[in-house]
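Here is a short briefing to read alongside the model. Please have the sequence and the 3D view open as you go.

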Amino acid sequence: MPAFFVTATGTDIGKTFVCAGLIRHWRAKGLMAQAFKPLVSGIDDADPAGSDPAALLAAMGQDVTPATLDAISPWRFRAPLAPNMAAALEGKAVDYAGLLTACRTRIAAASPTAPLLVEGVGGLMAPVDDDRTVLDWLRALELPVLLVAGSYLGSISHTLTALTVLADRGQRVAGLVVSETPGATVTLGAVEQAVARHFPAIPCLNLPRQPAGAAPAPVLGRLADRLLQG
């Protein structure tokens with residue numbers, strides 16, 4: 001069952017960019033890789049271009065239509081807030097049980113020829129509903145985790161905190177991607193070195209900033225291959 005949960009140390013770190021790169025690499029090798037980002041906030045259904053679901057659909061070679069949006073991101077909210085807050089503004093609540101069921105259905109369909117990435121929302125401790133966080137969500141699914149971090153000032157602390165929380169909860173981390181933060185004063189290597197000192201068993205890959213529309217970085221191809229090797 002080659003399925004992974006992709007989360008991050010915070011929001012706007014690069015989860016979707018990493019997911020899209022992995023999906024493109026696998027699909028270029030003939031695998032029917034799938035992405036599932038079931039919960040999204042900050043999306044306008046009338047103009048979804050440029051959204052995370054749109055980027056993932058493009059990586060899978062699909063057009064953005066009402067049907068494909070519903071398939072990849074069935075729970076969507078307009079306000080750019082934590083999902084529970086965004087849902088409340090629309091007089092709704094996040095259906096946590098339904099969210100887990102939808103994820104488990106997709107996970108059951110994953111195979112060596114159709115790997116699956118389940119992408120979370122925000123960072124590791126972002127609220128999902130009023131009682132549970134992304135950490136609760138990924139633990140319920142029992143998937144290995146791919147953590148995405150940045151290289152901004154403070155990222156070392158955020159990254160080590162996230163890895164410590166995951167370790168304390170007994171969660172397996174399949175890999176860490178340090179995505180270069182624009183204008184950061186902290187080097188990619190600094191984050192990697194700190195992680196290596198505290199979590200030497202966790203594979204850590206540096207992802208240099210990519211221009212818009214660029215082909216997937218070679219590092220994501222190497223990560224994609226490593227993930228499927230176990």
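**A buried valine and its sheet**

V191 counts as buried because its relative accessibility is 1%, where buried means under 20% relative accessible area, exposed over 50% and partly exposed in between (1.4 Å probe, protein chains only). This is a predicted model, in which local features need pLDDT of at least 70, side-chain atom pairs count only at pLDDT 80 or more, and totals for chains, interfaces and linings use all residues. Residues are numbered from 1 along each chain as its sequence is written, and side-chain values use heavy atoms, with hydrogens and water left out.

**Around V191**
- Leaving aside residues up to four places away in sequence, V191 touches G150, S151, S155, I156, T159, V178 and V186, with contact meaning heavy atoms within 4.5 Å.

**The sheet**
- An open sheet of six strands runs in the order β2-β5-β1-β6-β7-β8, with parallel pairing; two strands pair if DSSP finds at least two bridges between them.
- At the edges stand β2 (34-36) and β8 (204-207), each with a single partner strand, so one side of each has no neighbour in the sheet.
- Strands β1 (residues 3-8) and β6 (residues 145-149) pair in the parallel sense over four bridges, and V6 has L146 in β6 as its bridge partner.

**Helices on the sheet**
- Helix α5 (residues 96-109) packs on the sheet and touches β1, β2 and β5 (116-119), its direction making about 170° with that of β2; axes are lines fitted to C-alpha atoms, for helices over the stretch in contact, and angles run from 0 to 180 degrees between N-to-C directions.
- Helix α7 (residues 155-168) lies across β6 and β7 (173-179), at about 165° to β6.

Note on methods. Helix = DSSP H or I, 4+ residues; strand = E, 2+ residues; numbered from the N terminus.
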